[in-house]
Amino acid sequence: MAKYSVYVFCDDCGDVHPMRISIELKDGPADKASIGDTYAGKELPPQIAQLLNNITYCPKSSKPILQRNNDQIFLVPYVGATQMIIVQGTVRIGLGNATDNFQKGTVEATVANLLSVSKIVHGTLNVEIQEKYAMLDDGVYDLELHASDYNGREWVKIKRCKVNDFPCAIVRPADHFVVSKFKQRIEIMSSVRLCDHFGLSNGSTVIVQFQGNDLWWNG
Ligand SMILES: [Zn+2]
(Lines give C-alpha, C1' and ligand atoms only; values in the text may rest on other atoms or scores of the structure.)
Protein backbone atom coordinates (compact mmCIF):
# COMPACT_ATOMS: atom_id res chain seq x y z
CA MET A 1 0.00 0.00 0.00
CA ALA A 2 1.21 3.48 -0.77
CA LYS A 3 -0.14 6.73 0.55
CA TYR A 4 -1.47 9.49 -1.69
CA SER A 5 -2.65 13.04 -1.35
CA VAL A 6 -5.58 14.06 -3.47
CA TYR A 7 -5.88 17.29 -5.44
CA VAL A 8 -8.80 18.57 -7.41
CA PHE A 9 -9.13 21.01 -10.28
CA CYS A 10 -11.42 23.88 -9.36
CA ASP A 11 -13.77 24.99 -12.13
CA ASP A 12 -14.40 28.17 -10.20
CA CYS A 13 -10.89 29.67 -10.10
CA GLY A 14 -8.98 27.38 -12.46
CA ASP A 15 -6.40 26.24 -9.90
CA VAL A 16 -5.76 22.85 -8.40
CA HIS A 17 -6.57 22.54 -4.70
CA PRO A 18 -5.64 19.88 -2.16
CA MET A 19 -8.59 17.94 -0.83
CA ARG A 20 -6.62 17.78 2.42
CA ILE A 21 -7.17 14.07 2.64
CA SER A 22 -4.73 11.22 2.18
CA ILE A 23 -5.63 7.73 1.08
CA GLU A 24 -3.82 4.40 0.79
CA LEU A 25 -3.84 2.52 -2.50
CA LYS A 26 -2.14 -0.70 -3.55
CA ASP A 27 -2.35 0.02 -7.28
CA GLY A 28 -1.81 3.77 -7.36
CA PRO A 29 0.44 5.69 -9.79
CA ALA A 30 4.21 6.18 -9.29
CA ASP A 31 3.92 9.90 -10.07
CA LYS A 32 1.17 12.48 -10.02
CA ALA A 33 -1.70 11.20 -12.18
CA SER A 34 -5.41 11.74 -12.56
CA ILE A 35 -7.89 9.21 -11.28
CA GLY A 36 -9.20 8.92 -14.82
CA ASP A 37 -5.80 7.92 -16.21
CA THR A 38 -4.93 5.67 -13.30
CA TYR A 39 -8.13 3.66 -13.41
CA ALA A 40 -8.98 3.81 -17.11
CA GLY A 41 -11.13 0.78 -17.87
CA LYS A 42 -11.02 -0.39 -14.25
CA GLU A 43 -13.35 -0.05 -11.34
CA LEU A 44 -12.49 2.73 -8.89
CA PRO A 45 -11.18 1.46 -5.53
CA PRO A 46 -13.74 1.98 -2.75
CA GLN A 47 -11.47 4.50 -0.94
CA ILE A 48 -11.62 6.75 -3.97
CA ALA A 49 -15.32 6.29 -4.54
CA GLN A 50 -15.83 7.29 -0.90
CA LEU A 51 -13.43 10.20 -1.15
CA LEU A 52 -15.41 11.70 -4.00
CA ASN A 53 -18.26 12.25 -1.58
CA ASN A 54 -16.12 14.69 0.43
CA ILE A 55 -16.62 18.34 -0.24
CA THR A 56 -13.54 20.46 -0.84
CA TYR A 57 -13.81 24.22 -0.75
CA CYS A 58 -11.98 26.61 -3.01
CA PRO A 59 -9.60 28.54 -0.72
CA LYS A 60 -10.16 31.64 -2.84
CA SER A 61 -13.90 31.76 -3.33
CA SER A 62 -14.85 29.49 -0.39
CA LYS A 63 -17.33 27.84 -2.72
CA PRO A 64 -17.64 24.05 -2.73
CA ILE A 65 -15.85 22.32 -5.59
CA LEU A 66 -18.16 19.85 -7.26
CA GLN A 67 -15.68 18.08 -9.49
CA ARG A 68 -17.25 15.07 -11.19
CA ASN A 69 -14.63 14.61 -13.93
CA ASN A 70 -12.12 11.94 -12.91
CA ASP A 71 -9.55 13.46 -15.26
CA GLN A 72 -9.58 16.55 -13.04
CA ILE A 73 -8.91 14.76 -9.76
CA PHE A 74 -5.26 13.91 -9.09
CA LEU A 75 -3.38 11.42 -6.97
CA VAL A 76 0.02 12.56 -5.75
CA PRO A 77 2.37 10.10 -3.99
CA TYR A 78 2.79 11.01 -0.34
CA VAL A 79 6.26 12.19 0.65
CA GLY A 80 6.15 10.31 3.94
CA ALA A 81 5.54 11.77 7.37
CA THR A 82 8.12 9.82 9.32
CA GLN A 83 11.14 10.23 7.14
CA MET A 84 13.31 13.21 7.93
CA ILE A 85 13.87 15.43 4.94
CA ILE A 86 17.09 17.40 4.48
CA VAL A 87 17.15 19.66 1.46
CA GLN A 88 19.32 22.41 0.12
CA GLY A 89 17.39 25.59 -0.48
CA THR A 90 18.11 28.88 -2.16
CA VAL A 91 17.27 32.11 -0.38
CA ARG A 92 15.00 34.39 -2.39
CA ILE A 93 14.78 37.95 -1.22
CA GLY A 94 12.56 40.65 -2.59
CA LEU A 95 9.87 38.50 -4.18
CA GLY A 96 6.28 39.36 -3.43
CA ASN A 97 4.96 36.98 -0.82
CA ALA A 98 2.84 36.67 2.28
CA THR A 99 5.51 38.13 4.57
CA ASP A 100 3.44 40.99 5.89
CA ASN A 101 0.28 38.94 6.02
CA PHE A 102 1.66 36.76 8.77
CA GLN A 103 1.43 39.69 11.15
CA LYS A 104 -2.33 39.28 10.87
CA GLY A 105 -4.29 37.10 13.24
CA THR A 106 -2.58 34.68 15.56
CA VAL A 107 0.11 33.34 13.21
CA GLU A 108 3.13 34.80 15.03
CA ALA A 109 1.84 33.84 18.47
CA THR A 110 1.10 30.31 17.29
CA VAL A 111 4.58 29.90 15.81
CA ALA A 112 6.19 31.30 18.99
CA ASN A 113 4.25 28.74 20.98
CA LEU A 114 5.26 25.88 18.67
CA LEU A 115 8.93 26.88 18.89
CA SER A 116 8.74 27.59 22.65
CA VAL A 117 10.10 31.10 22.24
CA SER A 118 8.67 34.34 23.58
CA LYS A 119 8.56 36.18 20.30
CA ILE A 120 8.81 35.71 16.53
CA VAL A 121 10.41 38.40 14.37
CA HIS A 122 8.12 39.92 11.76
CA GLY A 123 8.54 38.68 8.24
CA THR A 124 9.77 35.46 6.74
CA LEU A 125 12.77 34.00 5.03
CA ASN A 126 11.74 32.93 1.56
CA VAL A 127 13.51 29.73 0.46
CA GLU A 128 13.18 27.89 -2.82
CA ILE A 129 13.32 24.11 -2.59
CA GLN A 130 12.24 21.25 -4.84
CA GLU A 131 8.51 21.33 -5.34
CA LYS A 132 7.96 17.75 -4.16
CA TYR A 133 9.29 18.76 -0.74
CA ALA A 134 7.64 22.15 -0.61
CA MET A 135 4.28 20.61 -1.49
CA LEU A 136 4.25 18.31 1.51
CA ASP A 137 1.00 16.54 2.11
CA ASP A 138 -1.36 18.45 4.34
CA GLY A 139 -1.42 15.68 6.89
CA VAL A 140 2.20 16.12 7.90
CA TYR A 141 1.95 19.68 9.16
CA ASP A 142 2.17 20.20 12.91
CA LEU A 143 -0.62 22.76 13.10
CA GLU A 144 -3.34 24.33 11.07
CA LEU A 145 -4.87 27.75 11.60
CA HIS A 146 -8.33 28.45 10.34
CA ALA A 147 -9.00 31.45 8.15
CA SER A 148 -10.49 33.29 11.11
CA ASP A 149 -7.08 33.09 12.87
CA TYR A 150 -5.31 34.50 9.84
CA ASN A 151 -6.69 36.79 7.14
CA GLY A 152 -10.30 35.64 7.08
CA ARG A 153 -9.89 33.92 3.70
CA GLU A 154 -7.28 31.20 3.91
CA TRP A 155 -6.17 28.51 6.28
CA VAL A 156 -2.46 28.29 7.17
CA LYS A 157 -0.36 25.18 7.75
CA ILE A 158 2.61 25.36 10.12
CA LYS A 159 5.48 22.91 10.45
CA ARG A 160 8.64 22.83 12.52
CA CYS A 161 11.88 22.94 10.58
CA LYS A 162 15.55 23.76 11.07
CA VAL A 163 17.47 26.14 8.89
CA ASN A 164 21.22 25.57 9.18
CA ASP A 165 20.37 23.74 12.43
CA PHE A 166 18.45 26.69 13.87
CA PRO A 167 14.85 25.93 14.99
CA CYS A 168 12.25 27.62 12.78
CA ALA A 169 8.82 27.00 11.32
CA ILE A 170 7.52 26.65 7.79
CA VAL A 171 4.36 28.71 7.43
CA ARG A 172 2.25 27.97 4.40
CA PRO A 173 -1.06 29.60 3.56
CA ALA A 174 -3.64 27.76 1.47
CA ASP A 175 -2.88 29.51 -1.80
CA HIS A 176 0.81 28.56 -1.64
CA PHE A 177 -0.28 24.97 -2.17
CA VAL A 178 -1.94 25.86 -5.42
CA VAL A 179 -0.46 29.01 -6.98
CA SER A 180 2.33 27.87 -9.27
CA LYS A 181 4.81 30.64 -8.45
CA PHE A 182 4.70 29.61 -4.78
CA LYS A 183 4.90 25.87 -5.26
CA GLN A 184 8.65 25.61 -4.84
CA ARG A 185 8.89 28.26 -2.18
CA ILE A 186 8.56 27.96 1.54
CA GLU A 187 8.32 30.81 3.98
CA ILE A 188 10.14 30.38 7.23
CA MET A 189 9.54 32.17 10.51
CA SER A 190 11.90 32.26 13.43
CA SER A 191 12.79 34.00 16.67
CA VAL A 192 15.75 35.67 14.95
CA ARG A 193 16.13 37.48 11.66
CA LEU A 194 17.71 34.62 9.74
CA CYS A 195 19.33 36.82 7.10
CA ASP A 196 21.27 38.68 9.79
CA HIS A 197 21.91 35.61 11.91
CA PHE A 198 23.50 33.66 9.05
CA GLY A 199 24.60 36.56 6.84
CA LEU A 200 22.29 35.49 4.03
CA SER A 201 21.59 37.38 0.84
CA ASN A 202 19.62 36.66 -2.32
CA GLY A 203 20.84 33.36 -3.79
CA SER A 204 22.52 32.13 -0.59
CA THR A 205 22.25 28.42 0.09
CA VAL A 206 20.74 27.08 3.28
CA ILE A 207 20.11 23.56 4.55
CA VAL A 208 16.51 22.99 5.58
CA GLN A 209 15.53 19.98 7.68
CA PHE A 210 12.04 18.93 8.59
CA GLN A 211 9.97 16.01 9.69
CA GLY A 212 12.54 14.70 12.16
CA ASN A 213 11.55 13.20 15.51
CA ASP A 214 11.68 14.83 18.94
CA LEU A 215 15.30 13.81 19.38
CA TRP A 216 16.15 15.75 16.23
CA TRP A 217 14.11 18.73 17.36
CA ASN A 218 15.59 18.89 20.85
CA GLY A 219 19.13 18.00 19.76
ZN1 LIG B 1 -10.60 27.45 -6.58
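This is a predicted model: local features need pLDDT of at least 70, side-chain atom pairs count only at pLDDT 80 or more; totals for chains, interfaces and linings use all residues.
Q: How should I read the largest nonpolar core, and which of its residues touch the most other members?
A: In soluble globular proteins, nonpolar side chains tend to be buried together. Here the largest nonpolar core has 31 residues, and those that touch the most other members are Val127, Cys161, Val163, Ala169, Val171, Ile188 and Met189. At least two residues of this core come from each of helix 3 (107–115), strand 8 (125–128), strand 10 (156–163), strand 11 (166–173), strand 12 (185–189) and strand 13 (205–210). Another core, of 13 residues, lies apart from it, and Val6, Met19, Ile35 and Ile73 are among its members.

Q: Which domains does the domain assignment give?
A: The domain assignment of the protein gives domain 1 as 2–77 and domain 2 as 85–218, and the C-alpha centres of domain 1 and domain 2 lie 26 Å apart.

Q: Which residues of helix 3 are buried, and what covers them?
A: The buried residues of helix 3 are Val107, Thr110 and Val111. Because they cover an arc of only 95° around the axis, they lie on the same side of helix 3. Their cover includes strand 9 (143–145), strand 10, strand 11 and strand 12.

Q: What follows helix 3?
A: Helix 3 is followed by Ser116, a residue whose phi is positive, near 55°.

Conventions
Residues are numbered from 1 along each chain as its sequence is written. A nonpolar core is a set of buried Ala, Val, Leu, Ile, Met, Phe, Trp, Tyr and Cys residues joined through C-beta atoms within 7 Å. A residue is buried if 20 or more other C-beta atoms lie within 10 Å of its own, exposed if 12 or fewer, and partly exposed in between; C-beta atoms are placed from the backbone. Helices (H or I, at least four residues) and strands (E, at least two) are DSSP runs, numbered from the N terminus. Domain bounds come from an automatic or database domain assignment. The arc is that of the directions from the helix axis to the C-beta atoms. Two residues are in contact if their C-beta atoms, placed from the backbone, lie within 7 Å.
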